[in-house]
Amino acid sequence: MGVVTALVCPRCGAEYPAGPLFDGCPACRRGGLGVNLWPRYDETAVARTFIRAKLAERSWDMWRYSELLPVDLGRRVALGEGGTPLTELPRLAGRYGLARLYAKDETRNPTWSFKDRLAAVAVSRALEAGARVVLDSSTGNQGAATAAHAAKAGLPAVVFTFGRVPWTMKVFMAAYGAMVLQIDDDAARRRTLEACVLIERLPRLAAAERFGPLGQALAAGLDRVPAITTSPTVAISIDTDVSTIQALDAIRATKGAAVTVPEEAIVATQLEAARTEGLFPEPSSACALAGARLLREQGWIGPGETVVAFITSMGLKDPTPSRPYLPEPPFVEPTVEATLRALREVYGFT
Ligand SMILES: [Zn+2]
């Protein structure tokens, strides 16, 4: 387990004792800003056992980095999160004019989204802290991940969600035993950017947004992310008018960028990825691919560069947006002639 020596505010630098501080930095909060705190680890203790050359001997999942997680490895609540594949997407790379394009395929996590990483740590910590119930606010992915890990831990889970969240997501959360409650108020949701200390050089990080709060902050040189106006979108998981100071910092620190993806590109990109690469991302995750295409068109990504798109969750969690673009499977007589006719007439296959 990583030994947390302090909680640190990434914005104002204030330090706090390692304890429950669920509302983020109190100093920033007094100034009207919500900022999540980072754990600081005992670096000497980490260096004793966290030896890069020996990592290959460990299990290929998130827990191989246990010294950098605030969780007792022996008491972790784990369902096999992390260790997801980096899959090359050569056909999409060709279409986008990219040298190499990879998907970091987070749909392979236990509840098919990257939120399993967060939920595993949070529920493990809750169990260690003696919590009797786990609470969450979610558009679906986070709620399902929390509900599944709470079920594994034997803890009851309460998930607050929103009316516009797809019914499939609500079923998914409830199936794990979560008590799901709907509140139609736009509570803030957060997008997280993670950086790994093990890589030699940080890649440039680019945010693919639907509404562009990070893009606005970058363009105007702001030290906070402004709240902006939203409109209806199929990208439920990133349907937010706010983002985090950590995301802004990470983009600036890596000389990154933010790009706003138009609504009409989302489902088109989602189905293009499914048809050409066998990868079916949820609409919000398709924004990462659409963003890579836009940044290449704008010249921000050069023709020889390698791109990794984070595919944070999978498409079946909300099939409603893609369904109108797919033909209703026809019933056919069990004959060769009827089969060929249906393939020709419905699918244009000859
Ligand atoms: Zn602060």
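These legends walk through several close-up views of a predicted model.

**View 1. Four cysteines hold a zinc ion.**
Let's start with the metal site. The zinc ion is coordinated by the SG atoms of Cys 9, Cys 12, Cys 25 and Cys 28, at 2.3 to 2.4 Å. Along the chain, these donors follow the spacing C-x2-C-x12-C-x2-C. Cys 12 and Cys 25 link distant parts of the chain, 13 residues apart. Cys 12 sits in the loop between β1 (4-8) and β2 (15-16), and Cys 25 in the loop between β2 and α1 (26-30).

**View 2. The geometry and surroundings of the zinc site.**
What arrangement do the four donor atoms make around the zinc ion? It is tetrahedral, because the donors subtend angles of 106 to 113 degrees. For comparison, the ideal angle for four tetrahedral donors is 109.5 degrees. Now look at two of the cysteines: are they buried or exposed? Cys 12 has 41% relative accessibility and so counts as partly exposed. Cys 25, at 0% relative accessibility, counts as buried.

**View 3. An open sheet built from β4, β5 and β11.**
Three strands make up this open sheet, in the order β4-β5-β11, and their pairing is mixed. The edge strands are β4 (86-88) and β11 (306-311), each of which pairs on one side only. On average, neighbouring strands here are turned by 30 degrees against each other, direction ignored. Zoom in on β5 (residues 100-105) and β11, and you will find two strands that run parallel, joined by six bridges. To find your way along this pairing, look for Leu 101, whose bridge partner in β11 is Val 307.

What does the side chain of Thr 161 reach? It comes to the backbone oxygen of Ser 138, at 2.8 Å. Leaving aside neighbours within four places in sequence, the residues in contact with Thr 161 are Ser 138, Thr 139, Lys 170, Met 173, Val 180, Leu 181, Gln 182 and Ile 183.

**View 4. Arg 204 and its polar contacts.**
Next comes Arg 204, found in the loop between β8 and β9 (206-209). With a relative accessible area of 36%, Arg 204 is partly exposed. The side chain of Arg 204 reaches the backbone oxygen of Trp 300 at 3.1 Å. A polar contact also joins the side chains of Arg 204 and Glu 305, at 3.0 Å. Apart from neighbours within four places in sequence, Arg 204 is in contact with several residues, among them Thr 254, Lys 255, Gly 256 and Ile 301. Look also for Ala 257: the C-alpha atoms of Arg 204 and Ala 257 are separated by 7.9 Å, while the two residues are 53 residues apart along the chain.

**View 5. Two residues with positive phi.**
Finally, here are two backbone details in loops. Trp 112 has a phi near 65 degrees, a positive value in a residue other than glycine. You can find Trp 112 in the loop between β5 and α4 (115-128). The relative accessible area of Trp 112 is 38%, so this residue is partly exposed. Lys 255, another residue other than glycine, also has a positive phi, near 55 degrees. The place to look for Lys 255 is the loop between α8 (245-253) and β10 (257-260). At 66% relative accessibility, Lys 255 counts as exposed.

Methods. Residues are numbered from 1 along each chain as its sequence is written. This is a predicted model: local features need pLDDT of at least 70, side-chain atom pairs count only at pLDDT 80 or more; totals for chains, interfaces and linings use all residues. Side-chain values use heavy atoms; hydrogens and water are left out. Two strands pair if DSSP finds at least two bridges between them. Helices (H or I, at least four residues) and strands (E, at least two) are DSSP runs, numbered from the N terminus. Axes are lines fitted to C-alpha atoms, for helices over the stretch in contact, and angles run from 0 to 180 degrees between N-to-C directions. Donors are N, O and S atoms within 2.8 Å of the metal (3.2 Å for Na, K and Ca); water is not among the atoms, so sites may look incomplete. Four donors count as tetrahedral if all angles lie between 85 and 135 degrees; four count as square planar and six as octahedral if opposite donors are over 155 degrees apart and all others between 65 and 115; anything else is irregular. Buried means under 20% relative accessible area, exposed over 50%, partly exposed in between (1.4 Å probe, protein chains only). A polar contact is a pair of N or O atoms within 3.5 Å; within protein, one must be able to donate a hydrogen and the other to accept it, and residues adjacent in sequence count only if both atoms are side-chain atoms. Contact means heavy atoms within 4.5 Å.
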